[in-house]
Each structure stands twice: as structure tokens, then as C-alpha cells.
Amino acid sequence: MLKFLLLLLPAFAFAQNVDLRPYNLTATYMFILVDKDLNGQVDRNEIDLNFQQYDADHNGRVSRVEYINYVNQHEPTLNLFHDALFDIYDVDGDHILYHNDYDNFYALMDGDGNGIVSHFEFVRYWTILLETLEHLHNFGKSLQAPAQ
């Protein structure tokens, strides 16, 4: 899921700000990376494959510590953003991501509830989410002091 963010964002590491706008294009690129079989939809198995990268001890669960450690290795400047994403994924609030958390996350993306996440549904979900979480890392906002 966020593999795209982790791949793309190092390019921003030397910048003073991060701008993922236009969000629909960012979400489209994320979709391409998540859709492993390139069939134009994200299935439930592809979600599992995405989250496996965070499972450092390969026990089938992703703790908050594992998730944050993985993110910090790849893009430490977006801590608040990724912390908020973990909270969204962790639907039961136990600080561990299990299979049921992925099921719920998948259901959130599946706008029409038909069990398949289309390109449109994926992009719509992530565009809204990126807009909602924009304030957590000043996406697109200058970090420089205003001219006097």
C-alpha cells in the first residue's frame, strides 16, 4: 500500500517540504505498485503481500514498533503521517495489525462492497485520505520563513 510512498518519498528527503499533490496521481501510482498481477484491481491477497514487508519477525502480525521502524528506515521525515496511517489500519486499536485489520482496511477501500477494489475505488479512497492527512507533514506548504 504505502510501498509507493516509501519508494517515492526518499526523493523528497533533501527537499524542505513534501508535496504529494496531485493526490489522485500519487494514488494512481500507488495502485500500480499494489496491483501485483496487473489485472486492474486490488484483491485481498495483494493487501497481505503489501503488509508483509513491515513484519520484521515474520510472525504474521505487524506491531506498531515494526511498522514505525520500517517506515523510519525508508522515510523518517513522515513520522506523523505514517503514525496516523497505522491508526487507520489498526481498527481495533490494539497496536498490532492482524489479518482482521487488513480485512477492515480492504472493506474501507471497497466503496461498492462487491469484494473487489477497482482502480477508481482505490484512487478515490487514497485521494481523500491524503487530503485528510495533509496537515501531518505540511504537504505542499513551504517551510521557509515568509519574506520580510
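Select D87. With a relative accessible area of 42%, D87 is partly exposed; that class lies between buried, under 20% relative accessible area, and exposed, over 50% (1.4 Å probe, protein chains only). This is a predicted model: local features need pLDDT of at least 70, side-chain atom pairs count only at pLDDT 80 or more, and totals for chains, interfaces and linings use all residues. Residues are numbered from 1 along each chain as its sequence is written, and side-chain values use heavy atoms, with hydrogens and water left out.

The term covers a side-chain nitrogen of Lys or Arg within 4 Å of a carboxyl oxygen of Asp or Glu. R64 lies in helix α4 and D87 in helix α5, so the pair ties together parts 23 residues apart in sequence. Helices here are DSSP runs (H or I, at least four residues), numbered from the N terminus. R64 is buried, at 18% relative accessible area.

D83 counts as partly exposed, at 29% relative accessibility.

How do α4 and α5 pack? Their angle is about 145°, and their axes are 10 Å apart. Axes are lines fitted to C-alpha atoms over the stretch in contact, and angles run from 0 to 180 degrees between N-to-C directions. The crossing is right-handed, meaning that the near helix is turned clockwise from the far one by less than a right angle.

Select the facing residues. From α4 come R64, Y67, I68, V71 and N72; they meet N79, H82, D83, L85, F86, D87 and Y89 in α5. Contact means heavy atoms within 4.5 Å. Colour this set by class: six are nonpolar, three polar and three charged. Tyr counts as nonpolar here, while Asp and Arg count as charged.

Move to helix α3 (residues 44-52) and pick R44 and D48, four residues apart, about one turn of the helix. Their salt bridge has its closest N and O atoms 2.7 Å apart. Are these residues buried or exposed? Both are buried.

R44, D48 and D103 are linked in a network of salt bridges. How many salt bridges does the whole structure hold? The search finds four.

Methods
Helices (H or I, at least four residues) and strands (E, at least two) are DSSP runs, numbered from the N terminus.
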